[in-house]
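Let's take a walk through a protein together. Have a look at the sequence and the fold, and then we will go through them step by step.

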Amino acid sequence: MASTEPEHQHREDEEAPAGDDEDTGAQVAPIVKLEEVAVSTGEEDEDAILDLKSKLYRFDKDGNQWKERGAGTVKFLKHKVSGKVRLVMRQSKTLKICANHLVLPTMSAQEHAGNEKSCVWHATDFADGELKDELFCIRFASIENCKTFMEMFQEVAESQKSNKENKDATAAADALDKLSVEEKKTEEKAVEESPTAAKEEETKTCEDKKEEKPDPST
């Protein structure tokens, strides 16, 4: 009769638990060393004066219908130096820009007909990397958020109008100052040249008289 010992032994070897891996103490250096990279959002020089979750739509003229641009956070960002304010919205998951345009004095947001949670406005947008005239519609979770957005939109537009008027006034004042300085320089130059011109005229007059004096020998 054939012995079953080898088969039994082989089965025991298979069922035996594997031993713990031995720690050799060797250290393996990573193949690729990853360095920390600073990511710029383009918003470092701006302060957020409004930040609300919403869903944005744009009107498709060709299809004559509203198309969703994305759901995310809409912000009003004010530049720390120039004071200009732009509206920026990014999608929540991808952070892709849905809207990116300056808020101008001529712009205003109006309630969308039949929906108190939505409002619409026109803008020259740069979200796709080129300037486009767009009609936007934004929808919020509550009527309060929509009102807050519209009020801030109006406030920002009025503040930009004031900034423009101040800049125009400053530019006009600078132009007047420059003109006054140039006029003063012209007057000073004229005053400096006057004695010289008078002296030259006097010398010329004397020479003319000398030439006209008759010769006594004749």
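**Charged partners and paired strands**

K132 has a relative accessibility of 31%, so it counts as partly exposed (buried means under 20% relative accessible area, exposed over 50%, and partly exposed in between, with a 1.4 Å probe and protein chains only). This is a predicted model, in which local features need pLDDT of at least 70 and side-chain atom pairs count only at pLDDT 80 or more, while totals for chains, interfaces and linings use all residues. Residues are numbered from 1 along each chain as its sequence is written, and side-chain values use heavy atoms, with hydrogens and water left out.

Which residues does K132 meet in salt bridges? D128 is one partner, with the closest N and O atoms 3.4 Å apart, and E130 is another, at 3.9 Å from N to O. A salt bridge here is a side-chain nitrogen of Lys or Arg within 4 Å of a carboxyl oxygen of Asp or Glu. Salt bridges that share partners link R69, D128, E130 and K132 into one network. D128, at 39% relative accessibility, counts as partly exposed, and so does E130, at 46%.

The structure has eight salt bridges. One of them joins the side chains of K75 and E43, at 3.6 Å from N to O. Because K75 sits in strand β2 (residues 65-79) and E43 in the loop between α1 and β1, this pair ties together parts that are 32 residues apart in sequence. Helices (H or I, at least four residues) and strands (E, at least two) are DSSP runs, numbered from the N terminus. K75 is partly exposed at 23% relative accessibility, whereas E43 is buried at 15%.

Now turn to strand β6 (residues 118-125). Six of its eight residues are buried, so β6 is largely enclosed by the rest of the structure. What are its neighbours? β6 runs antiparallel to strand β7 (residues 132-139), joined by eight bridges, and H122 has L135 as its bridge partner in β7. Strands count as paired if DSSP finds at least two bridges between them. β6 and β7 form a hairpin with six residues between them, and G129 in the turn has a positive phi of about 90°.
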